Amino acid sequence: MATEQEMKKIEDMEYKYLNKFYHFLKYVEDEMLFGFNTKEKIKDDWFEKYASGISSFAVGAERIVYSLFNGKGIGQPNSAPVGSDIFFETEDAFIHIDLKTVQTRNIGDYTTSIFVGRNQNSYTGKMLVNGSQERDYESALPSFYKNQGNKKICLTYFITILYEEENLKILNINIVCMPNGALEPHYKARVLKAGKNPDKTRFNFSQVPNFEFLDGEKKRIKVVYYDESTLDKSEKKKMNFIKSIYENQ
């Protein structure tokens, strides 16, 4: 088990890259929003098919975000088949980033936790079921890659996007850091909660909002973009956690 000092070093690394990705996403915010809007010019050619349910906004959003990361040339992309959609190596870490898009109809699935895949995190431990019971969970990523004797930490981030169902307007973009698996002895079952199916889990980020080994209540979530102008009263209330971070970051 990692010592408290080692856990602090892990969180220093998690926080370092969270800040890098946040500032990168702010830097390309205009290009990202422009990219999300490029669909409008050819809307007459695809909207009827989208409305019929044969496609998803996630595909187009991923195309925009991934192109920005790839264009920046952050790290060396890695070809390992087990990992997130964006997986690359830097000088001091292996980094996984996955995109999660949710429409306002499912806003309850977005504001306090998000679905995560086994291939997207290293947090093996227990997940909360119905708020009190615990169930075993095994992730597919290691906390550290052996890397032929040059051990490197595995870091996990998610870009979360909320959009309107009818016109696909972007309302919120966040970058979220999920704790490394070596932090499980400290965070325990607070990080995970059961998904809709027995083998599915969600990152319960509202229960672990801070890097708890770092000073100053540094947040594991940073809000890149926030627009509640078209949300109704009930939806705004559900966004209180994210709005609070946005207003105080």
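Q: What is a polar contact, and which residue's side chain does the side chain of asparagine 172 join in one?
A: A polar contact is a pair of N or O atoms within 3.5 Å; within protein, one must be able to donate a hydrogen and the other to accept it. In this predicted model, the side chains of asparagine 172 and asparagine 174 are joined by such a contact of 2.8 Å. The side chain of asparagine 172 also reaches the backbone oxygen of tyrosine 225, at 2.8 Å.

Q: Where does asparagine 172 lie, and is asparagine 172 buried or exposed?
A: Asparagine 172 belongs to strand S9, residues 170–178. Its relative accessibility is 0%, so asparagine 172 counts as buried. Leaving aside residues up to four places away in sequence, asparagine 172 touches several residues, among them Tyr110, Thr160, Leu162, Tyr226 and Met239.

Q: How many disulfides does a search of the whole structure find?
A: A disulfide is a covalent bond between the sulfur atoms of two cysteines. The search finds zero. For cysteine 154, the closest cysteine sulfur is that of cysteine 177, 11 Å away, which is too far for a bond. Both residues count as buried: cysteine 154 has a relative accessibility of 1%, and cysteine 177 has a relative accessible area of 0%.

Q: What span should helix H4 have at 1.5 Å a residue, and which residues of H4 are buried?
A: The expected span of a helix is 1.5 Å times one less than its number of residues. Helix H4 has 16 residues, 57–72, and should therefore span 22 Å; its end C-alpha atoms are 23 Å apart, which agrees. The buried residues of H4 include Phe57, Ala61, Ile64, Leu68 and Phe69.

Conventions
Residues numbered from 1 in each chain as written. Predicted model: local features only at pLDDT ≥ 70, side-chain atom pairs only at ≥ 80, totals over all residues. Heavy atoms only, no water. Helix = DSSP H or I, 4+ residues; strand = E, 2+ residues; numbered from the N terminus. Buried < 20%, exposed > 50% of the residue type's maximum accessible area, 1.4 Å probe, protein only. Contact = heavy atoms within 4.5 Å. Disulfide = S-S within 2.5 Å.
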